[in-house]
Amino acid sequence: MLSVHIQDQINRELKKYPVDQKQSAVMSALRFVQDEKGWISTEDMSDVASFLGMPQMAVYEVATFYHMYNLKPMGKTTLTVCTNLSCTLCGVEDTVAYLKTKLGIGFGEVTPDGKYGMREGECMGACKDAPVLTINNKKLCGRLTHDKIDQILAELDKS
Amino acid sequence: MINIEIDGKLVETAKGSTVMDAAHKAGVYIPHFCYHKKLSISANCRMCLVEVEKAPKPLPACATPAAEGMKVHTHSEMAAKAQKGVMEFLLINHPLDCPICDQGGECQLQDVAMGYGGGASRYTEEKRVVSPKQIGELISTNEMSRCIQCTRCVRFGQEIAGVMELGMANRSEFSQIMSFVNSSVDSELSGNMIDLCPVGALTSKPFRYTARSWELSRRKSVSPHDSLGSNLAVHVKDSKVLRVVPVENEQVNECWISDKDRFSYEGLNSAERLTRPMIKQDNKWIEVDWPAALEYVANGLSQITRSAGANQIAALATPTSTFEELYLLQKLMRAIGSDNVDYRLRQSDFSADGMRAGSPWLGMSVASLNSCDRFLVIGSFLRKDHPLIAQRIRQAVKSGAQFNFVHSSDDELLMAVANKEIVAPDQLVSVLEQILKALAIEKKVVAPVDVASTTTGRVAIDIAKNLASGKQVGIFLGNFAQQHPQAVRLAYLAEQIAILSTGKVGYFGEGANSVGAHLAGAVPFSGKHSGLNATAMLESPRKAYLLLNVEPELDMHNPQLAMRAMKSADMVVCLSAFKHQGLDYADVMLPIAPFTETSGTFINTEGRAQSFKGATKPLGEARPAWKVLRVLANVLDLPGFEFDSSESVRDEGLDLSSIAERLDNHLPLMKFSAVTPVLGMQRVADVPIYATDAVVRRATALQKTNDAAAPFVMITSVDMHKLGLQPGDAVKVTQGSACVELSVRQSEQLAAGTVRLAAGIAETAMLGAMFGTIELTTVHSTKQPEHARQVAGSNVERT
C-alpha cells in the first residue's frame with residue numbers, strides 16, 4: 001500500500017493535470033515512492049498503477065525506462081557518479097576509484113550497513129563542474145577531489 | 001480528396017490519410033513491420049522509408065500524411081538504399097535461425113529481407129539475447145531474441161483487446177517485450193498477437209514444432225463457437241487439424257478471431273473422440289457397425305411410437321450444430337409425428353413461442369455496431385460470451401459512443417461505461433421499467449407499459465437521458481437476459497425502450513447457429529402444431545430422447561432436471577463427436593463429425609448464412625450428422641429424405657434470399673403479471689468462455705488458462721459477513737436435491753443477495769437451474785461444529 005504521505009503528494013500532483021489524464025502523474029508518483037522508500041518495488045508499481053487507474057505494465061515501462069528510478073534497494077544515501085565524456089576527461093575514473101576504496105562498494109552495490117549505495121550515472125548537464133555526482137538524485141556536487149569527497153561523506157555520516 | 005503520385009501512378013486519397021494508405025490504394029507495396037491497418041501508427045521499425053520529392057531525406061510512408069501534389073518514389077535509389085540500411089539494422093540482433101523457427105516460411109521479416117535486404121551481413125559482433133518469459137498457456141515467448149520491437153502486440157493489447165498486458169520494458173538495446181512480473185496474458189483475444197507478430201518472437205504454444213507452414217493445406221471454415229461466425233482458415237496436415245487462423249472478413253470478424261476460435265481445435269484431436277457407433281447391451285457398451293446401430297435406433301423409435309405415441313419422443317440439439325443437421329433433425333422428428341424439438345437448451349422462458357414472425361436476431365448488421373452512438377446492453381457477460389462483438393463495441397465507445405449496462409455482475413468490460421446498474425436477477429425487470437418510465441418522461445410521451453407505480457432510480461434516469469440523446473441507439477439482450485426466467489418480459493421492455501429512443505433492439509445470439517436453428521425449424525412451435533419446448537420435454541419426461549451434440553449435464557438450463565429425464569428414459573440416442581457422460585445413461589452413441597469434418601451452414605446473429613466445406617475427412621467411422629439423420633430416416637422408411645449432399649439439404653430448408661424477411665424481434669402487445677421477488681440468495685450463472693460447447697471443453701491449452709480455472713462461489717462482502725464466512729472458506733452449495741462443496745470468494749462486482757456460480761462445467765453439473773434460489777451453508781467453520789458434522793454426514797450419504 002502507498003503511505004498516506006505518498007498518496008497526499010500524488011493527489012497534489014494530480015491537480016496539475018486534467019481529471020481524465022491521471023496517468024500524467026506517473027513519473028512524480030514513482031519519484032515520491034523512491035523518496036520515501038529509497039527504491040521502487042514491483043508491488044509499489046502496481047499500487048501506483050491502481051492509484052492512477054492505468055495498466056501495471058505501463059507503470060513498469062516508465063519505471064524501467066528512466067535511469068534515475070532505483071529498481072532494487074539502494075541504501076539510505078545513493079551516490080550517482082557521472083561517467084560521461086566531460087567527467088571522464090576531468091578524471092572521474094580516479095573519483096570512482098577513491099569512492100570504491102572509501103565505501104568498499106562498486107557500482108550498483110550497497111554498503112553492508114545499508115547506508116550508502118553507488119550508481120553509475122549519465123550526463124547531469126553540469127559539465128563545467130566535472131567530475132560530478134548527485135546525492136539521492138537531489139543534490140549535485142561538482143569539482144570532486146579526494147578532500148571534497150571526504151568532506152561530503154563526513155557530512156552525510158553526521159546526518 | 002487529395003491527388004498524389006506514387007511511382008508514377010496517380011492516386012486519389014482521402015484528406016488526412018497517409019502515404020501508406022495511398023500506396024495500398026494504388027496497389028504499390030511498401031515493405032513494413034510495425035504498420036498495421038487496424039493499429040495506431042508508431043513508425044518505429046523504419047522499414048517503410050520512401051523518397052518524397054522535395055523532402056531532403058527518406059520519410060516513413062506509414063506516418064507521412066499525404067499532401068496535394070506529392071510525388072513519392074518507393075523504389076528509387078534513395079528509397080532502396082534507406083530500406084536496405086534499415087533491413088541491415090533490423091537483422092543485426094535478429095538470430096538467423098530460420099530453419100528451426102516456427103515462423104519460417106510465413107515470416108514477414110524473412111520475406112522482406114529477401115526482397116529488400118542485402119545478401120550478407122557485415123555484423124560480426126555478439127548478438128543480443130533476450131530471456132524467454134512466461135505469459136501463459138497460449139503464447140510462447142521462448143525465442144524473444146527474435147523480436148524486432150515493432151510493438152504491434154503492445155498496441156493490439158491497448159487498442160483492440162482493451163487491456164495492456166504486454167509492454168516494452170527498459171530502453172535502447174535492452175528493451176524487451178514482457179508482461180508485468182511474468183503475469184499471464186489473459187485477454188480472450190490474445191492469440192491475435194501471434195498473427196500480428198511479424199517475426200517468430202510470439203508463437204502459438206499448442207502449434208509449436210508440429211508442422212512447417214508449407215506442409216499445411218488451408219481450408220476455409222466458419223467458427224462454431226459464438227454467434228459471430230468468424231471466418232477461419234483451418235490448417236490441416238495428414239487429415240489432422242493442426243491450427244486455426246483468421247480469414248479476413250471486414251463485415252464479420254475483421255482480421256481477428258477470439259482465442260476460443262483459434263485454440264479450440266485441440267478438442268478435435270482429443271482422445272475422447274467417439275470413432276465407432278456403440279450400443280449398450282446388458283449394461284455393457286459394444287462397438288457395432290453403422291447399419292446395426294441405425295437399425296437399433298430405428299427399431300427403438302418405431303417401438304416407442306407404436307406403444308406410447310410419437311409424442312413420447314423428443315429431440316434436443318445445440319445451436320453449434322449446422323443448419324443442415326438441425327433441419328434434418330426437425331424434419332425427421334416431424335415425419336415421425338413429434339414436434340418435441342428444441343435448440344434453446346439454456347433458456348427458461350418460452351412464453352413468446354409462436355408470437356414472433358421470425359427468428360430473434362441482432363436487429364442490425366454486425367458492422368453497424370461500430371456506428372451506434374448509444375448502447376444499452378442488458379444481461380450479458382459481454383467479453384466472455386461475445387469476444388469480438390465486445391471488441392466492436394469497444395471501438396465504437398473509443399470513437400465517442402456511450403455505453404450503458406444493466407446486468408447482475410459488474411464484470412470488467414475494458415471500455416468506458418457511461419452508466420451501469422448492477423442488480424439481482426429478479427430486479428432486472430424493474431430496472432428496465434424504470435428506464436422506460438424515465439425515457440417516457442424525457443420524451444414527453446405516455447409510457448407504452450403501465451409503469452405508473454414504478455419509482456425511477458438515479459441510474460435509470462441517467463440511462464434514459466443518455467439513450468434519449470443518441471442518434472443511433474442499440475439496445476441488446478445478452479445470453480443472461482435470454483436465459484432469464486422472465487426473458488420475454490425483458491425483451492418486451494427492451495423493445496419498448498428501443499421504440500421510445502428511436503433505436504433498434506437486438507439479441508446477441510447464444511450459439512453459432514441460434515438464428516439458423518430457428519430458421520431450420522428446430523423449435524417446437526414451427527408450423528401448425530406445437531410440441532414441448534426444451535424445459536417442458538424434461539419436466540414431463542419422455543420415453544426417448546435424441547441428443548444432437550448435446551451433453552445434458554453441461555448444456556442445459558437445469559442439468560439436474562435434464563439428467564433425471566435422461567436416466568428415466570427408455571432410450572437415449574446420443575449423436576456426438578465425443579464419448580461423454582452419456583455413457584452412463586445413453587443406449588446408443590453415434591459418432592458424428594465436428595465442424596471441421598463436415599460441410600454445412602451457420603447463420604450468424606445478423607442473419608448471414610455462411611456455408612463451409614469439410615476441412616478434413618471424418619475421424620474413424622464418424623460421419624457427418626446430416627448423413628446419419630438422412631440414413632436414419634431412410635431406415636425408418638420416411639418419405640422426403642433423398643438428399644445426396646448437404647447443399648441439397650440446405651437448399652430445401654433455406655431460401656437464401658428470404659432470410660432477412662424471416663428475422664424478427666418484434667413482440668406483440670403483451671400483459672405481464674406482477675413480479676414475485678425471489679426469496680433467499682439468487683444464483684447468477686455464467687457459462688465460462690471455455691465451457692460453452694463440446695469441442696472447446698476438450699481443448700487442452702484453453703483448459704489450462706485462467707478463464708478455465710476451478711470455479712468459485714462468489715458473494716459480496718456483506719453476504720460474506722452475514723454468513724460468517726472468510727474468503728477461501730469451503731461452503732456447501734445446495735440447489736434442488738444436490739449439493740456441492742466449493743471454496744468461496746469475495747466479489748464486489750455483484751449485487752447483495754446474489755451468488756455467482758458458473759454453469760456448464762462438471763463441478764456444478766449436479767446442481768439445478770441457472771437462475772433462482774440457491775442455498776449456501778458453511779462448512780469446516782470452527783464456530784459451528786454442529787453444522788459441520790451435519791454436512792459431513794450428508795456427504796457420507798451421498799457417496
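This is a predicted model: local features need pLDDT of at least 70, side-chain atom pairs count only at pLDDT 80 or more; totals for chains, interfaces and linings use all residues.
I took helices (H or I, at least four residues) and strands (E, at least two) as DSSP runs, numbered from the N terminus. On that basis I counted 25 helices and 32 strands in chain B.

**Ground rules.** Residues are numbered from 1 along each chain as its sequence is written, and chains are lettered from A and ligands numbered from 1 in the order in which they are written.

**Chain B overall.** I looked up the radius of gyration, which is taken over C-alpha atoms; the globule rule for it is 2.2 Å times the number of residues to the power 0.38. Chain B has 28 Å, close to the 28 Å that the rule gives for 799 residues, so it is as compact as a globular protein of that length. Its C-alpha atoms fill a box of roughly 90 × 65 × 60 Å along the principal axes.

Next I checked burial. A residue is buried if 20 or more other C-beta atoms lie within 10 Å of its own, exposed if 12 or fewer, and partly exposed in between, with C-beta atoms placed from the backbone. In chain B, 54% of the 799 residues count as buried.

Then contacts: two residues are in contact if their C-beta atoms, placed from the backbone, lie within 7 Å. Among contacts in chain B between residues at least 6 apart in sequence, 72% join residues at least 24 apart.

**Cores.** I searched for nonpolar cores, meaning sets of buried Ala, Val, Leu, Ile, Met, Phe, Trp, Tyr and Cys residues joined through C-beta atoms within 7 Å. The largest has 260 residues, and those with the most contacts inside it are B:Leu329, B:Leu432, B:Ala494, B:Ile497 and B:Val573. Helix α14 (residues 487–500) of chain B gives this core its largest share, 10 residues. Another core lies apart from it, with 14 residues, among them A:Cys82, A:Val92, A:Leu99 and A:Leu133.

Leaving aside neighbours within four places in sequence, B:Leu432 is in contact with B:Ile378, B:Val406, B:Leu490, B:Leu493, B:Ala494 and B:Ile497.

**Helix α20(B).** I asked why this helix counts as largely enclosed by the rest of the structure. The reason is that 8 of the 11 residues of α20 (residues 625–635) are buried. B:Trp626 and B:Leu629 are among the buried ones. The buried residues of α20(B) pack against α7 (290–308), α8 (323–336), β22, β23 (571–576), β24 and α21 (646–653) of chain B. After α20(B) comes B:Asp637, with a positive phi near 60°.

**A hairpin.** Strands pair if DSSP finds at least two bridges between them. I found β13(B) and β14(B) antiparallel, joined by 4 bridges. They form a hairpin with 2 residues between them, and B:Asp282 in the turn has a positive phi of about 50°. B:Asn283 lies in the loop between β13 (278–281) and β14 (284–287). Its phi is also positive, about 65°, although B:Asn283 is not a glycine. B:Asn283 counts as exposed because 5 other C-beta atoms lie within 10 Å.

β13(B) also pairs with β24 (residues 588–591) of chain B, antiparallel over 2 bridges. I noted B:Met278 for both pairings: its bridge partner in β14(B) is B:Glu287, and B:Met278 stands opposite B:Met589 in β24(B).

B:Asn549 sits in the loop between β22 (544–548) and α17 (552–555) of chain B. Its phi is positive, near 65°. Is B:Asn549 buried or exposed? B:Asn549 is buried, because it has 27 C-beta neighbours inside 10 Å.

B:Asp707 is in the loop between α23 (700–703) and β28 (713–715) of chain B. With 17 C-beta neighbours inside 10 Å, B:Asp707 is partly exposed. Beyond four places in sequence, B:Asp707 touches B:Asp186, B:Pro688, B:Ile689 and B:Tyr690.

**Chain A.** I looked up the domain bounds, which come from an automatic or database domain assignment. Chain A is divided into domain 1 (4–65) and domain 2 (77–158). Their centres, taken over C-alpha atoms, are 28 Å apart. The peptide bond from A:Ala130 to A:Pro131 is cis, with omega near -5°. A:Pro131 is in the loop between β3 (116–121) and β4 (133–135) of chain A.

**Where the chains meet.** I found 12 residues from chain B and 9 residues from chain A in the contact. On the chain B side, strand β7 (residues 166–169) gives the most, with 4 residues.
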